Amino acid sequence: MEITTSSSMLLAHAHGVLHLPAPSPAPYLTKRSYCASRKKPGLRPTVRAVMARPHQDVAAAPPPARKMVTTAPPPPPPPPATAVTTTYHDNWFDKLAIGYLSRNLQEASGMRNGKDGYEGLIEAALTISGLLRVDQQWQTVATALERAFPSYILTMIKVMMPPSRFSREYFAAFTTIFFPWLVGPCEVRESDVDGRKEKNVVYVPKCRFLESTNCVGMCTNLCKIPCQKFIQGSLGTAVYMSPNFEDMSCEMIFGQQPPEDDPALKQPCFRTKCIAKQNRQVNCSI
């Protein structure tokens with residue numbers, strides 16, 4: 001083949017024309033082009049773009065926008081709890097005793113009302129508080145208590161039970177058993193008497209009479225002072241009734257004389273709640 005090619009070149013040179021044969025493509029170029037044109041399976045378009053144009057920078061994806069988290073305002077504080085009025089379920093004995101004392105109180109004052117039960121008792125006390133002077137209120141309640149308890153029974157108790165530890169504890173226990181209808185549930189507590197412990201105190205967690213009236217004057221003038229005088233005079237035993245006008249509790253301490261400077265007598269009227277103030281427009285305090 002090389003001899004033939006050389007002869008052709010000499011003949012062409014002799015005629016003055018030189019025709020060079022077209023060079024055949026090199027085998028390695030064809031193979032390289034074939035390899036470059038082959039598609040590699042699994043190659044992502046994004047990767048091919050980067051390989052084809054390495055001088056171009058791929059723009060970074062913008063960061064996700066932050067979500068503004070707003071905190072809900074705290075809930076408003078709950079409204080203050082309102083005072084709950086105690087509900088009483090009087091049995092037959094309670095109703096009998098309430099009606100009996102209410103009738104005696106109305107008869108002693110000379111003023112009647114048509115209401116029954118504890119409501120009738122409060123109405124009678126309200127009428128007395130609004131129409132009578134303080135000293136007349138004391139005397140009216142004392143008269144009603146004397147009518148409620150026969151004099152011979154009071155005299156017998158006074159003679160048979162002179163002031164002693166036994167009588168003080170007896171009166172305290174008797175009050176907790178037979179008078180919850182008037183003052184509400186109560187219990188016996190101890191106190192120091194001459195260096196000894198005695199169960200001579202009646203503790204009333206919430207006085208029914210004070211809760212029903214919300215009246216300082218009716219508490220002191222129609223309950224506290226008349227009862228202290230009545231028990232001292234009729235039973236011969238001293239007693240000190242100490243109401244707490246903040247929580248409406250009360251303590252009855254048998255065997256203790258009321259102080260001369262009694263703090264209960266300095267308590268101002270509950271003007272916003274007092275039924276005597278609302279219904280009678282009077283200053284019920286002493």
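Leaving out neighbours within four places in sequence, Arg189 contacts Glu198, Lys199, Asn200, Val201 and Tyr203. The model is predicted. Arg189 sits in strand S1, residues 187-193. Its side chain makes a polar contact with the side chain of Glu187, at 3.0 Å. Glu251 is 62 residues away along the chain, yet the C-alpha atoms of Arg189 and Glu251 are separated by 9.3 Å.

| Space | Volume | Lining by class |
|---|---|---|
| Largest pocket | about 990 Å³ | 35 nonpolar, one polar, no charged residues |
| Largest cavity | about 80 Å³ | nine nonpolar, one polar, one charged residues |

The largest pocket is lined by 36 residues. Leu145, Phe149, Phe179, Trp181 and Leu182 lie nearest its centre. Several elements give two or more residues to this lining, among them helix H4 (92-109), helix H5 (117-131), helix H6 (134-148) and strand S4 (249-254). Helix H11 (216-235) is also one of them.

How many cavities of 30 Å³ or more are there? The count is one. The lining of the largest cavity includes Val183, Cys207, Leu210, Cys219, Cys223 and Lys224. Met241, Pro243, Ser249, Cys250 and Met252 also line the largest cavity. H11, strand S3 (239-244) and S4 each supply at least two residues of that lining.

Conventions:
Residues numbered from 1 in each chain as written. Predicted model: local features only at pLDDT ≥ 70, side-chain atom pairs only at ≥ 80, totals over all residues. Heavy atoms only, no water. 1 Å grid on protein atoms, 1.4 Å probe; cavity = no way out; pocket = protein on both sides within 12 Å on 5 of 7 lines; lining within 4 Å. Points joined across faces, edges and corners; volume = space filled by probe spheres on them. Helix = DSSP H or I, 4+ residues; strand = E, 2+ residues; numbered from the N terminus. Nonpolar A, V, L, I, M, F, W, Y, C, P; charged D, E, K, R; others polar. Contact = heavy atoms within 4.5 Å. Polar contact = N/O pair within 3.5 Å; in protein donor to acceptor, adjacent residues only side chain to side chain.
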